[in-house]
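Hi,

Here's the structure I said I'd pass along. Have a look first, and my notes on what turned up follow below.

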Amino acid sequence: MKKNKFIYIHILLLSAFFCIIGCVQDDKYNEPDLDGYHCVSDFQANITLKEIKEKYTLNNPSKEAYVFPVDVTPDDTSDDLYIQGYVSSTDETGNIYKTIYIQDAVENPTQGFAISVDGVSLYTRFPQGYKIYIKLNGLAVGSYGGVVQLGMKLGKETSANSVSRILEKEIPNHVFRSCEVRGKIIPKIMTLAQMISANDQYLGCLIQVEHAEFENKVLCTNFAPNGLSADRKIRDASTNTARVVRNSGYASFANRILPAGNGKIIGVYSKYNSTYQMYINRVADLEMNDFPRLDGIAADPCRFSEAGLVLKTIAEVKQMYSGENWSQITGDFYCKVQVTANDETGNLYKYIYAEDVSGGIKVNINKLNLFQDNRFRVGKDIYIKLKGLYIRSVSGEIQLGALYTLGGSLQFGRIEEADMYKSFFDTNQPSRAVVPTEIKIDQLTMSDVGRWIKIRNLQFIESDLGQPYVSNNSTTNRTLMDCSGNYILLRTSNYASFAGNNVDGGRGDIYGILGVYNGSYQIWITGRWGANLNGIRCE
């Protein structure tokens with residue numbers, strides 16, 4: 001019996017191992033199995049991509065979507081309308097969603113086009129490079145974000161010029177794959193300066209931009225946050241105006257770090273209103289590893305090395321403050337810290353808190369939505385290069401930041417977004433649970449300021465009961481007390497997602513960041529759960 005149990009456990013472990021191996025994302029994909037999929041041969045389209053776009057753009061001052069006549073005689077093909085094109089996109093990585101992009105030739109295209117379909121895993125039926133035909137009867141051509149596209153008119157569109165996606169059940173009736181041998185799409189070479197309205201005929205084509213680089217503001221960040229789309233700006237030498245690489249938070253490569261060098265990027269050409277952009281099909285289409293970059297960065301700035309650096313604790317960093325307006329850190333120092341709080345709920349604004357075993361500290365960064373950056377997720381371990389940064393006591397709390405000029409004079413403030421790559425580095429280690437320092441109100445000291453703490457058995461004072469966290473649309477103090485009559489302030493920003501919720505009327509444990517303001521301790525919670533007080537009150 002014991003032997004059988006051992007064999008069973010062994011099989012389970014092997015199954016788990018191969019499952020994990022199978023889930024590793026290396027941006028390499030097998031060719032889709034097209035056996036069993038119907039294809040058509042000896043066929044010729046009778047309307048061009050240019051002509052179908054003109055149905056919408058020409059002689060249409062109201063810009064209403066144009067609906068093609070319904071095929072009322074299926075057996076009679078004389079009035080059927082077809083376009084053809086080569087698939088320039090793939091939804092295999094999840095970055096392109098419910099859209100098939102086509103172009104009129106595999107090389108040197110003159111027209112591109114977008115087909116909006118209510119279907120996923122389209123690459124299994126219409127892989128990149130294959131020729132396809134689209135039957136237009138009963139479909140409609142309209143516009144979304146300034147891009148002419150094909151879809152259906154279902155009566156639930158947001159505007160007269162828009163179209164809905166071709167229903168999934170209708171796809172086999174309208175989209176057909178040719179039996180021709182699959183072609184290889186040769187990207188059209190373009191510069192960023194050429195991504196203008198005069199070249200809108202290429203929207204939907206696969207293009208290649210050479211000698212391009214992601215701007216320094218997004219260096220060392222991921223392609224997109226989980227579940228959220230993100231625009232990452234790119235530049236080349238042809239223009240001072242940046243263009244956009246549009247990335248989906250559901251793409252298989254969303255959490256990968258953007259390439260930091262200069263080089264080639266291939267993607268589907270598109271736009272949204274006046275913003276010209278590209279959609280990446282796969283990360284393998286980016287070869288951006290050359291240095292120096294156009295902006296002068298000479299080597300990969302996202303690789304952290306401890307060589308020549310001295311490790312400092314948070315306590316040691318705080319001791320570098322000389323007691324004047326601010327103190328610059330001039331030594332080749334770094335610290336390794338865990339992020340304990342960020343701006344995800346809006347109660348913190350343009351700063352994070354981080355700590356090590358010696359203490360915690362506020363780090364000021366001039367960027368919104370820091371929580372969307374992998375480096376600043378709660379629980380992440382990061383390296384901070386300290387040389388060139390500044391420390392200062394702000395109302396009694398020692399903070400880390402930088403200097404900026406205001407009204408001709410230097411001020412202490414936030415590290416600029418364009419300089420983030422110089423100071424913050426992902427350790428590439430999994431996030432860890434943040435463990436609070438448990439303490440009582442009457443035990444608090446200045447060495448606890450900046451820490452993630454837990455205080456047991458607190459309740460709001462009676463005058464705060466029934467009140468929201470924030471009153472009068474401005475940052476508000478509420479007062480917490482323990483059963484021994486010790487008090488501490490809880491401070492909440494009017495931008496917090498829970499600002500309008502009433503405080504709990506019971507007693508319980510508080511989790512938050514300990515701050516100080518002119519000698520008075522205060523707590524900042526990062527979510528309503530940080531003050532979940534449902535127990536019996538002290539009295």
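To start with something you can check by eye: in which sense do strand S19 (residues 333-341) and S20 pair, and over how many bridges? They pair in the antiparallel sense, over three bridges. Before going further, please keep in mind that this is a predicted model.

**Around S20**

Within that pairing, Val339 has Ala354 of S20 as its bridge partner. On to the next strand: S20 and S21 run antiparallel and are joined by six bridges, with Ile352 opposite Val363 in S21.

How many residues of S20 are buried? Six of its six, so the strand is mostly covered, taking buried as under 20% relative accessible area. In a regular strand, side chains alternate between the two faces of the sheet. Here both faces are covered: Tyr351, Tyr353 and Glu355 are buried on one side, and Ile352, Ala354 and Asp356 are buried on the other.

**The second largest pocket**

By type, the lining splits into twelve nonpolar, twelve polar and six charged residues.

**The largest pocket**

This one has a volume of about 930 Å³. It is lined by 34 residues, and Tyr97, Thr99, Tyr144, Arg165 and Tyr279 lie nearest its centre. The residues of this lining divide into eleven nonpolar, 16 polar and seven charged. S4 (99-103), S5 (112-116), S7 (140-144), S8 (147-151), S14 and S15 each give at least two residues to the lining of the largest pocket.

Several of those strands belong to an open sheet of nine strands with mixed pairing, in the order S1-S9-S6-S3-S4-S5-S8-S7-S2. Its edge strands, each pairing on one side only, are S1 (39-40) and S2 (66-67). Inside the sheet, S4 and S5 pair in the antiparallel sense over five bridges, and Ile102 has Phe113 in S5 as its bridge partner.

Is Val163 buried or exposed? Its relative accessibility is 11%, so Val163 counts as buried. Beyond residues up to four places away in sequence, Val163 touches Ala65, Ala140, Val141, Gly142, Gln149, Leu150, Gly151, Met152 and Glu157. If you want a sense of scale, the C-alpha atoms of Val163 and Tyr517 are separated by 56 Å, and the two residues are 354 apart along the chain.

**S15 and its partners**

S15 is largely enclosed by the rest of the structure, because four of its five residues are buried. S14 and S15 pair in the antiparallel sense over five bridges. In their hairpin, which has two residues between the strands, Asn273 takes a positive phi near 55°. S15 also runs parallel to S13 (residues 243-247), with three bridges joining the two. Met278 in S15 is the bridge partner of Tyr269, and Met278 also has Val245 standing opposite.

**The cores**

Tyr269 comes up again in the largest nonpolar core, which has 38 residues; Met195, Phe214, Ile265 and Tyr269 have the most contacts inside it. S11 (206-214), S12 (230-235), S14 (262-272), S15 (275-279) and S16 (286-290) each supply at least two residues of this core. The largest share, five residues, comes from S11. Apart from this core lies another, of 26 residues, among them Phe333, Leu400, Ala402 and Ile415.

The next residue to look at is Glu215, in the loop between S11 and S12. At 11% relative accessibility, Glu215 counts as buried. Leaving aside neighbours within four places in sequence, Glu215 is in contact with Lys233, Ile234, Arg235 and Arg293.

That's the lot from me. Cheers!

Methods
Residues are numbered from 1 along each chain as its sequence is written. This is a predicted model: local features need pLDDT of at least 70, side-chain atom pairs count only at pLDDT 80 or more; totals for chains, interfaces and linings use all residues. Side-chain values use heavy atoms; hydrogens and water are left out. A nonpolar core is a set of buried Ala, Val, Leu, Ile, Met, Phe, Trp, Tyr and Cys residues joined through side-chain atoms within 4.5 Å. Buried means under 20% relative accessible area, exposed over 50%, partly exposed in between (1.4 Å probe, protein chains only). On a 1 Å grid over the protein atoms alone, a cavity is a set of points where a 1.4 Å probe fits but cannot get out, and a pocket is an open set with protein on both sides within 12 Å along at least five of seven lines; lining residues have an atom within 4 Å of a point. Grid points are joined across faces, edges and corners, and a volume is the space filled by probe spheres set on the points. Ala, Val, Leu, Ile, Met, Phe, Trp, Tyr, Cys and Pro count as nonpolar, Asp, Glu, Lys and Arg as charged, and the others, Gly among them, as polar. Two strands pair if DSSP finds at least two bridges between them. Contact means heavy atoms within 4.5 Å.
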